Each structure stands twice: as structure tokens, then as C-alpha cells.
Amino acid sequence: MAAVAPTLARRIARPGMLPLCSRPQAWGRAARQSPGLPRAPSLLLTQRRAFSNNKILVELDEGSGIATMKLKSPPVNSLSLDFLTEFCISLEKLENNRGCRGVIFTSAIPKIFSSGLDITEMCRKSTEHYAEFWRAVQEMWLRVYGSNMVTVAAINGSSPAGGCLLALSCDYRIMAENPKFSIGLNEAQLGIVAPFWFKDTFVNVVGHRVAERSLQLGCLHSAPEALRIGLVDELVPEEKLQDKAAAVIAQWLALPDHARQLTKSMMRKLVLDRLVAHREEDIQNFISFITKESIQKSLHMYMEMLKKKKG
Ligand SMILES: CCCCCCCCCCCCC/C=C/C(=O)SCCNC(=O)CCNC(=O)[C@H](O)C(C)(C)COP(=O)(O)OP(=O)(O)OC[C@H]1O[C@@H](n2cnc3c(N)ncnc32)[C@H](O)[C@@H]1OP(=O)(O)O
């Protein structure tokens with residue numbers, strides 16, 4: 001996989017090389033079994049395929065067509081350029097595999113789902129680096145939000161900012177009912193601004209009023225609060241999270257793929273199209289914003305604060 005990663009990094013760095021339309025058409029991911037028909041238990045037990053790269057562990061249960069993508073980038077699953085590249089490679093593999101119809105995103109790191117964008121990628125780097133990084137962030141969102149597969153976030157830890165975006169981009173969110181875990185778009189607390197497509201994704205999940213208040217205050221919501229405002233769909237004890245996620249996907253997959261996929265596409269198209277149409281402009285906005293001295297100072301202070309909290 002190490003040999004593949006730089007190639008994909010280059011492909012991601014060039015606009016339009018991984019077009020969303022390269023995915024199988026909505027109706028192309030044909031159900032290999034009639035919706036709702038039970039499978040032979042022996043198949044369920046035997047057909048498991050695993051592949052992994054450095055930061056993402058993927059396991060595909062070929063019997064059910066459900067894959068699990070486990071984020072494993074210690075210490076906190078921050079979304080670095082390398083991480084995002086590996087993430088997109090893994091997701092593309094699954095998307096192109098007609099046998100895979102649903103994906104669970106979860107974390108292999110205790111107590112942390114993802115700490116969001118890797119802040120060090122946004123500090124004192126070259127313009128070229130910022131462009132490449134931001135294109136990779138866009139790519140992750142375009143791929144997850146526009147996926148033909150059923151996507152479920154099994155949120156087994158805290159999930160600020162970019163981590164929350166990943167969860168928001170799924171079809172369904174289940175969080176471990178641990179009051180210490182928090183989730184939200186807390187960018188304002190860092191002195192930065194959530195881009196329009198983060199905001200649009202959030203609004204589509206929780207509604208305008210809740211999103212506006214939460215974004216302006218940079219809220220990190222506890223798990224029970226996240227459930228109350230609709231940021232997550234349900235809370236379950238941590239040990240039941242994976243089973244629950246698989247059960248939810250199975251329920252969604254009982255419907256004909258084409259009807260579900262076209263409905264999903266209809267609901268998300270406007271928001272996706274907006275970024276696709278303004279991708280380069282969005283990258284330039286990011287660069288102008290992140291290279292401001294005041295923003296660099298804010299990020300620096302935030303990183304210092306994280307270190308002090310630890311010490
Ligand atoms: C007109 C309008 C124009 C608008 C234009 C807009 C343009 C776009 C602007 C920019 C948009 C950017 C969007 C950004 C999105 C993001 O995702 S920013 C990241 C936000 N993330 C956070 O705030 C999380 C910070 N981390 C934490 O709160 C905690 O670390 C944790 C995740 C809760 C875990 O806590 P704990 O287990 O106690 O671990 P720590 O000791 O705190 O951390 C361990 C080490 O990890 C480092 N670290 C943590 N998070 C990050 C991170 N996100 N990136 C990089 N590194 C991180 C932390 O510093 C520790 O490091 P060491 O001290 O070296 O061990």
C-alpha cells in the first residue's frame with residue numbers, strides 16, 4: 001500500500017482525477033441478493049476479507065456486504081494529509097467493489113473517534129502544502145457525503161471539528177453513551193471558521209437554528225446533548241456499538257439499492273454540487289485565511305493550550 005499512496009496523493013492533488021462520477025452509477029451497485037432475504041449463517045461466518053494500510057484497517061464481510069473502516073492513527077486519529085490519502089484509497093476500493101454495500105466508520109483508538117483536522121498541517125506550511133492538504137479534506141468529504149453505500153458512524157469517542165464532519169457526512173450516527181465523549185464543530189473556539197460545506201452538512205442534519213447557535217459558540221456537545229439536538233441518531237452502550245451499527249446498515253440495505261441511492265443523491269446533490277463547482281475557489285479561500293498571521297497565532301495558542309492541559 002505504501003507504494004500506492006503517493007500516486008493517489010498526486011491524483012487527489014489534481015482536480016477532477018477522482019471524479020465522483022467514476023463511482024458505479026447509483027443503480028450499478030446491484031443487490032446480489034433480494035432485499036431482506038436472510039443469508040446462510042455459514043456464509044456470514046466465513047467470508048471475511050481484511051485489508052489495511054498504515055492508518056486505516058478495513059474488514060469486509062462478504063456475506064453481508066458490510067465493511068468496517070477502523071481509524072487507527074495514534075495518538076488521536078487526527079486527519080493529516082497521509083491519513084486522508086489512505087482513507088480515500090480505502091473508501092475508493094470499497095466503493096468500486098460491488099460486493100460492498102455498506103460501511104461502518106469507527107475508531108481503533110480508545111476514547112477518540114477523531115480529533116479532527118491535523119492542526120500541524122495548518123501551521124507554518126507552504127502554499128502548495130495548504131492546497132494539497134485542503135484538496136484532500138475536500139476529497140474525503142465528497143467521497144463520504146456522496147457515497148452510494150450506506151454509511152454509518154459508530155462514534156466510540158470524542159469527535160471535534162473534522163471528526164464531527166466525518167460523522168455528519170454519514171447516513172446515520174450512533175454514539176457510545178459515555179458522557180465524557182463530546183462531538184461538535186468547535187472551529188470558532190480555535191479562532192477559525194467552519195467552511196460553507198461543513199456548515200451546510202451540519203444544517204442538513206440538525207437544522208438552521210441549532211447549527212447557527214452551535215457553530216457561533218463552537219460547541220462541543222456531550223453525547224446526551226448531541227442526541228437531544230439530533231446531531232447523533234442514537235446512543236448505545238459502547239460494547240453494543242458495532243453490532244448496532246451492523247444492524248442499522250442491514251435495515252437500510254433491506255430496501256432496493258437504486259431507490260435508496262437516488263433518494264440520497266437527491267437530498268445531498270445541491271450541497272455537493274456547490275463544492276464541486278467552487279473547489280478551486282474554496283482552496284484559495286482556505287489558503288488566504290490560514291496564512292493570515294492572526295490565524296496562525298490562534299492555532300499556535302490552541303496547540304499550546306492542548307499541551308498545557310496535558311502537563
Ligand atoms: C468569509 C468567510 C471565510 C471563511 C473561510 C474559511 C476557510 C477555512 C478555514 C479553516 C477551516 C479549518 C477547519 C478545521 C477543522 C478542524 O478539524 S481543526 C481541529 C479541531 N480539533 C480540536 O479542536 C481537537 C483538539 N484536541 C483535543 O481536544 C484533544 O486532544 C482530544 C482529541 C479530546 C484528546 O484528548 P487527550 O486524549 O487528552 O489527548 P491530548 O493529550 O490532548 O492529545 C494528544 C496529542 O495529540 C495532539 N493533538 C490533539 N488533537 C490534535 C489535532 N487536531 N491535530 C494535531 N495534533 C493534535 C496533542 O497536541 C497531543 O500532542 P503531544 O502533546 O505532542 O502529545
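**Entry 1: Ala50 and its partner**

I looked up Ala50 and found that its bridge partner in strand 2 is Glu59. I am working from a predicted model, in which local features need pLDDT of at least 70 and side-chain atom pairs count only at pLDDT 80 or more, while totals for chains, interfaces and linings use all residues. Residues are numbered from 1 along each chain as its sequence is written.

I noted that strands (E, at least two residues) and helices (H or I, at least four) are DSSP runs numbered from the N terminus, and that two strands pair if DSSP finds at least two bridges between them. Strand 1 (residues 48-52) and strand 2 (residues 56-61) run antiparallel and are joined by five bridges, and they form a hairpin with three residues between them.

Strand 3 (residues 66-71) pairs with strand 2 in the antiparallel sense over six bridges. These two strands form a hairpin with four residues between them, and Gly65 in the turn has a positive phi of about 75°.

**Entry 2: Helix 9**

I checked helix 9 (residues 241-253), whose 13 residues reach 18 Å from first C-alpha to last, close to the 18 Å expected at 1.5 Å a residue (the expected span is 1.5 Å times one less than the number of residues). Its buried residues are Leu241, Ala245, Val248, Ile249 and Leu253. They lie on the same side of helix 9, because they cover an arc of only 135° around the axis, where the arc is that of the directions from the helix axis to the C-beta atoms.

For burial I used C-beta atoms placed from the backbone: a residue is buried if 20 or more others lie within 10 Å of its own, exposed if 12 or fewer, and partly exposed in between. The face turned away from the buried side carries the exposed residues Asp243, Ala247 and Gln251. I listed what covers the buried residues of helix 9, which includes strand 3, strand 4 (102-107) and strand 6 (150-155).

I looked at the contacts of Ala154 (C-beta atoms, placed from the backbone, within 7 Å), leaving out residues up to four places away in sequence, and among them found Ile174, Leu241 and Ala245.

Ala154 is also one of the residues with the most contacts inside the largest nonpolar core, which has 73 residues. Such a core is a set of buried Ala, Val, Leu, Ile, Met, Phe, Trp, Tyr and Cys residues joined through C-beta atoms within 7 Å. Helix 4 (residues 127-145) gives the largest share of this core, 10 residues.

Note on methods. Contact = placed C-beta atoms within 7 Å.
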